[in-house]
Amino acid sequence: MHVLQKAPTQHRRNFFTEDDFFQKLLEKHLDEDLYAYAYEELKKFGDSCANHIDERAAHTDREGQPRLLRYNKYGEEVSEVWVNEGYKQTVAETYNTGIVGYVHKEIPGLGRKGSYTYSFAQGYLLSQAEPGFYCPVTLTLATAYLLDHYADEAIKQRFLPHVCATGDVELYEGATFLTERQGGSDVGANVVQAKEAGDHFRLYGEKYFASNAGMCGVAMVLARKEGAPAGSRGLTLFAVPWKNEDGSINNLRIRRLKEKLGVRAVPSAEVEFDGAKAYVIGDPNRGFYYMMEALNLSRICNMVASIGIMRRSYSEAKAYSERRDAFGKRLCEFPMIQQTLTQLKQKLEAETAAIIELIQLYEKVTSGEATKEEEALNRLLIAIMKKESAEQAIAFAHEAIEMHGGNGYIEDFVTPRLLRDAQVLTVWEGTANILGLEVIRLVNKFSVHEIFLSDLKARLDGMDAAELVKQWEGLKNRLEGFAADDQVTQELKAKSLAKEMAELYEQVVYVGM
């Protein structure tokens with residue numbers, strides 16, 4: 001008689017309690033009171049992410065993707081986006097944790113705000129299950145930042161409590177609309193017009209890649225006022241509510257939703273403005289500067305999503321190797337498999353430690369306590385670590401598929417979705433080429449390579465790490481040569497040097513823990 005093998009009992013997973021290394025990092029970087037609070041909350045959120053949020057993510061990816069409902073039954077244009085009920089539950093559950101809100105308002109019972117470190121810890125857990133939805137969270141974080149830092153009091157009071165909602169008031173998710181068809185990464189080529197209309201403006205034109213369209217309550221939009229100069233300096237930042245106060249749509253429409261390779265949970269759209277009411281944020285002449293600040297925040301979120309995918313890829317590969325039998329042994333007993341898993345673990349830990357370390361500098365910058373040199377170093381570290389982590393997310397997802405063999409290519413497993421979702425991270429918030437140009441600007445304008453080398457040297461001086469000192473000396477010579485190169489040579493070298501800088505920074509932070 002043929003007997004079916006009984007599948008092993010699966011224990012309930014928890015992305016936080018399974019991750020001892022991440023717990024140690026948080027304990028190091030959060031003060032005692034916030035860590036005690038965060039530990040208990042992250043245990044609950046880690047359970048949710050590993051179980052029902054993960055199940056909902058699989059459903060959204062394969063069967064429940066957002067759909068555009070452009071007209072209502074009377075033929076009136078409404079440009080609404082349908083999302084499935086599970087996605088709505090994930091939205092409510094995630095924002096109610098304070099992933100956005102507690103960066104800007106007090107945590108009940110604790111009597112203080114949270115921090116970006118705590119918010120990014122939540123994002124790390126969420127991205128192991130649903131990196132697609134972490135995009136709208138990222139956009140909402142950026143919207144809250146811009147409102148809190150630069151909006152006048154009336155605009156701030158109108159929108160910020162809703163953007164920071166934790167179940168207490170109606171939630172307004174955020175969005176940042178930059179990209180236009182003719183410009184792409186060249187934001188200075190933007191042509192969306194802003195015409196003055198009393199105490200507000202009216203926007204006309206199109207944004208071509210508008211993520212979270214139809215789901216956001218308010219979007220941050222760059223547009224050009226009449227008579228403003230060409231280029232990025234002529235752009236003003238506006239807050240654009242998706243709907244008017246009477247509930248009608250704010251003179252805008254969604255032309256279509258994009259069909260994407262991955263991150264299918266987030267509706268990405270082409271949005272047309274036809275007189276949408278808009279409100280100036282901050283100095284009208286500094287819109288591009290404000291949006292670049294928000295972009296740096298988004299780039300850190302991109303890193304967090306990357307290490308989340310890296311962690312999930314590693315944990316899936318490791319679990320599969322411990323379960324799968326081949327050639328008379330478990331996969332994890334083969335030296336080649338052991339070598340791969342060891343290399344993945346070391347890279348994951350080094351990159352995670354470096355990114356959490358970077359976030360501490362970012363906290364200092366956003367609180368206004370950083371020096372000009374620290375601000376420049378912050379921009380450099382964000383650029384090089386965003387590039388490296390995004391590329392590694394793809395590499396890790398690839399390795400997880402390889403570990404699973406043919407099963408890794410089958411949609412019954414999470415591995416295909418990890419690879420599809422990882423692929424966008426090298427594109428979002430700046431490709432490798434754009435980040436390479438950022439490195440060139442920072443070197444040429446602020447001599448940031450000298451600040452970077454000085455920071456690493458100070459760390460190395462307290463360590464017994466002869467090999468890292470040797471690497472530092474070699475990198476120093478290459479960076480000094482790079483700073484003296486012409487523009488064309490710099491562009492040819494920038495990406496490879498950025499990778500070398502990121503890898504050394506990771507190792508110095510990791511060894512120095």
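A crossing of two helices is left-handed if the near helix is turned anticlockwise from the far one by less than a right angle, and right-handed if clockwise. Keep that in mind for two of the stops below. The model on screen is predicted.

**Stop 1: α15 and α16**

Select residues 466-484, helix α15, and residues 487-511, helix α16. Two packed helices are described by the angle between their axes and the distance between the axes. Here the angle is about 155° and the axes are 11 Å apart. Angles over 145 degrees count as roughly antiparallel, so α15 is roughly antiparallel to α16. Which hand does the crossing have as α15 passes α16? It is left-handed.

Now show side chains. On α15, pick Leu468, Gln471, Trp472, Leu475, Arg478, Leu479, Phe482 and Ala483. On α16, they meet Gln490, Lys493, Ala494, Leu497, Glu500, Met501, Leu504, Gln507, Val508 and Val511. Colour the contact of α15 with α16 by class: 12 residues are nonpolar, 3 polar and 3 charged.

**Stop 2: α7 and α8**

Move to α7, residues 131-150, and α8, residues 153-163. Their axes lie 10 Å apart, at an angle of about 150°. That angle makes α7 roughly antiparallel to α8. The crossing of α7 past α8 is left-handed. From α7, the contact takes Thr140, Thr143, Ala144, Leu147 and Asp148. From α8, it takes Ile155, Lys156, Phe159, Leu160 and Val163. The class count for α7 with α8 is 6 nonpolar, 2 polar and 2 charged.

Stay on α7 and centre on threonine 140. Is threonine 140 buried or exposed? Its relative accessibility is 0%, so threonine 140 counts as buried. Leave out neighbours within four places in sequence, and threonine 140 is in contact with Tyr95, Val100, Val163, Tyr172, Glu173 and Gly174.

**Stop 3: arginine 312**

Select helix α9, residues 287-323, and zoom to arginine 312. Arginine 312 counts as buried, because its relative accessibility is 4% and the cut-off for buried is under 20%. What lies 2.7 Å from a polar atom of the arginine 312 side chain? The backbone oxygen of glutamine 128 does.

**Stop 4: isoleucine 382**

Next, pick isoleucine 382 in helix α11, residues 372-404. Isoleucine 382 is buried, with a relative accessible area of 0%. Draw a distance from its C-alpha to that of tyrosine 362: 9.0 Å, for residues 20 apart along the chain. Tyr362 is also one of the residues that isoleucine 382 touches.

**Stop 5: two positive phi angles**

Finish in the loops. Valine 263 sits between β10 (252-257) and β11 (268-280). Its phi is near 40°, a positive value in a residue other than glycine. Valine 263 is buried, with a relative accessible area of 3%.

Then jump to phenylalanine 327, in the loop between β12 (325-326) and β13 (329-330). Phenylalanine 327 is not a glycine, yet its phi is positive, at about 55°. Is phenylalanine 327 buried or exposed? With a relative accessible area of 81%, phenylalanine 327 is exposed. Show valine 263 and phenylalanine 327 together: valine 263 is buried, whereas phenylalanine 327 is exposed.

Key. Residues numbered from 1 in each chain as written. Predicted model: local features only at pLDDT ≥ 70, side-chain atom pairs only at ≥ 80, totals over all residues. Heavy atoms only, no water. Helix = DSSP H or I, 4+ residues; strand = E, 2+ residues; numbered from the N terminus. Buried < 20%, exposed > 50% of the residue type's maximum accessible area, 1.4 Å probe, protein only. Polar contact = N/O pair within 3.5 Å; in protein donor to acceptor, adjacent residues only side chain to side chain. Axes fitted to C-alpha atoms, helices over the stretch in contact; angles between N-to-C directions. Parallel < 35°, antiparallel > 145°, perpendicular 65-115°, else oblique. Contact = heavy atoms within 4.5 Å. Nonpolar A, V, L, I, M, F, W, Y, C, P; charged D, E, K, R; others polar.
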